[in-house]
Amino acid sequence: MGRYHAGSRAVQDRVGVRERADHVGASIGEGIKPVAAAFLGLQPLLVVGAADPSTGEVWASALHGPPGFVRATGPRQMSVTAGAAASDPLAPALTVEGTRVGTIALDPRTRRRMRLNGRLRPTDRGFVVTAEQVFSNCPKYLQKRESYEVMADRTGEEPRHGTELTASQAEFITTSDTFFLATVHPGGADASHRGGNPGFVQVASPRELSWRDYPGNSMFLSLGNLDADPRAGLLFLDWTTGTTLQLTGEARTEFAGTERRVRFTVTKTVERPSALPLRWTPPEYSPANPDDAG
């Protein structure tokens, strides 16, 4: 799988950053370097994005476990000894061999993140991913959280399904400082991070939300995927209560001069109260966050 497909190239050319994208893209490899393997082994959280092979819906999901539940088990292999809960809409995709997945391991304690995309193979204890793209991102827009504790007595409640946002879910989104975006293209999948000060995501209606695309690494993997395929999945999580809100639908990018805004249309929602047993300390907002919300 190449570094960039036609969708990413189209966005790079429109913004005028192809040369910079080629320079930054040189960091994308297929192998998991020792420093990346060490980073994976310390994480209690992994976000996975994929399209459900049976429905075509794209979802992003948060998997968790004690440090070591995600680890490198070969030069191009990442093993995950955890599966998605039965109530997780991404669960079916994680049991199908060959599913294209995008993953991101993000450590709020150090403002570091690592992305690994490839093909999935189920195992008795979870799944493994054969890496096709491995790379790290800069700490821009990543909120720092000093530490976390495991709430052993926290058990997930019944999920709440819908086709549009409730008032409380809209508030959940507009007060969030982080979400994860899953996108796909004909040759693969990707999971990425979006961050900003609370209010950086705006809810226009129960079926539509949007956010400004802040300047990043110029690769435009996510927006390139959306250029090729509008399907997308969003994951919001409450870093204190462990509640997750997963959305699936379609997204489009609007360009206005040097500004970009992504508009997402909701088709399905899944809210899972207390889904994660992790409780993180309050955030220290990234100094890179723009002052203007949205």
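Six aromatic pairs turn up in a search of the whole structure, where rings of Phe, Tyr and Trp (its six-membered ring) pair if their centres lie within 6.5 Å. This is a predicted model, in which local features need pLDDT of at least 70 and side-chain atom pairs count only at pLDDT 80 or more, while totals for chains, interfaces and linings use all residues. Residues are numbered from 1 along each chain as its sequence is written, and side-chain values use heavy atoms, with hydrogens and water left out.

**Aromatic rings**

- A pair of aromatic rings is described by the distance of the centres and the angle of the planes.
- Phe 179 and Phe 200 form a stacked pair, with 5.9 Å centre to centre and 20 degrees between the planes; planes under 30 degrees apart count as stacked, over 60 as edge-to-face and the rest as tilted.
- Phe 179 lies in strand 10 (residues 178-185) and Phe 200 in the loop between strand 11 (188-195) and strand 12 (201-205), so the pair ties together parts that are 21 residues apart in sequence.
- Helices (H or I, at least four residues) and strands (E, at least two) are DSSP runs, numbered from the N terminus.
- Phe 179 and Phe 200 are both buried, where buried means under 20% relative accessible area, exposed over 50% and partly exposed in between (1.4 Å probe, protein chains only).
- Ring pairs also link Phe 179, Phe 200, Trp 211 and Phe 236 into a cluster.

**Helix 1 against helix 2**

- The axes of helix 1 (residues 6-15) and helix 2 (residues 18-25) come within 8 Å and cross at roughly 130 degrees.
- These axes are lines fitted to C-alpha atoms, for helices over the stretch in contact, and angles run from 0 to 180 degrees between N-to-C directions.
- Helix 1 and helix 2 are therefore oblique to each other; angles under 35 degrees count as roughly parallel, over 145 as roughly antiparallel, 65 to 115 as roughly perpendicular and the rest as oblique.
- Arg 9, Gln 12 and Asp 13 of helix 1 meet Arg 18, Ala 21 and Asp 22 of helix 2 in this contact, with contact meaning heavy atoms within 4.5 Å.

**The two sides of helix 2**

- Ala 21, Val 24 and Gly 25 are the buried residues of helix 2.
- They cover an arc of only 95 degrees around the axis, which puts them on the same side of helix 2; the arc is that of the directions from the helix axis to the C-beta atoms.
- Helix 1 is included in what covers these buried residues.
- On the other side of helix 2, Glu 19 and His 23 are exposed.

**Two residues of helix 1**

- Gln 12, in helix 1, is buried with a relative accessible area of 0%.
- Beyond its neighbours within four places in sequence, Gln 12 is in contact with Tyr 4, Val 17, Arg 18, Ala 21, Ser 218, Met 219 and Phe 220.
- The C-alpha atoms of Gln 12 and Ser 218 are separated by 7.0 Å, and the two residues are 206 residues apart along the chain.
- Gly 7, also found in helix 1, counts as buried at 5% relative accessibility.
- Leaving aside neighbours within four places in sequence, Gly 7 is in contact with Gly 224 and Asp 227.

**Positive phi in loops**

- Most residues other than glycine have a negative phi.
- Arg 111 has a positive phi of about 55 degrees, sits in the loop between strand 5 (100-107) and strand 6 (112-122) and counts as buried at 16% relative accessibility.
- Tyr 141 has a positive phi near 65 degrees, and its place is in the loop between strand 7 (127-137) and strand 8 (148-150).
- Tyr 141 is buried, with a relative accessible area of 11%.
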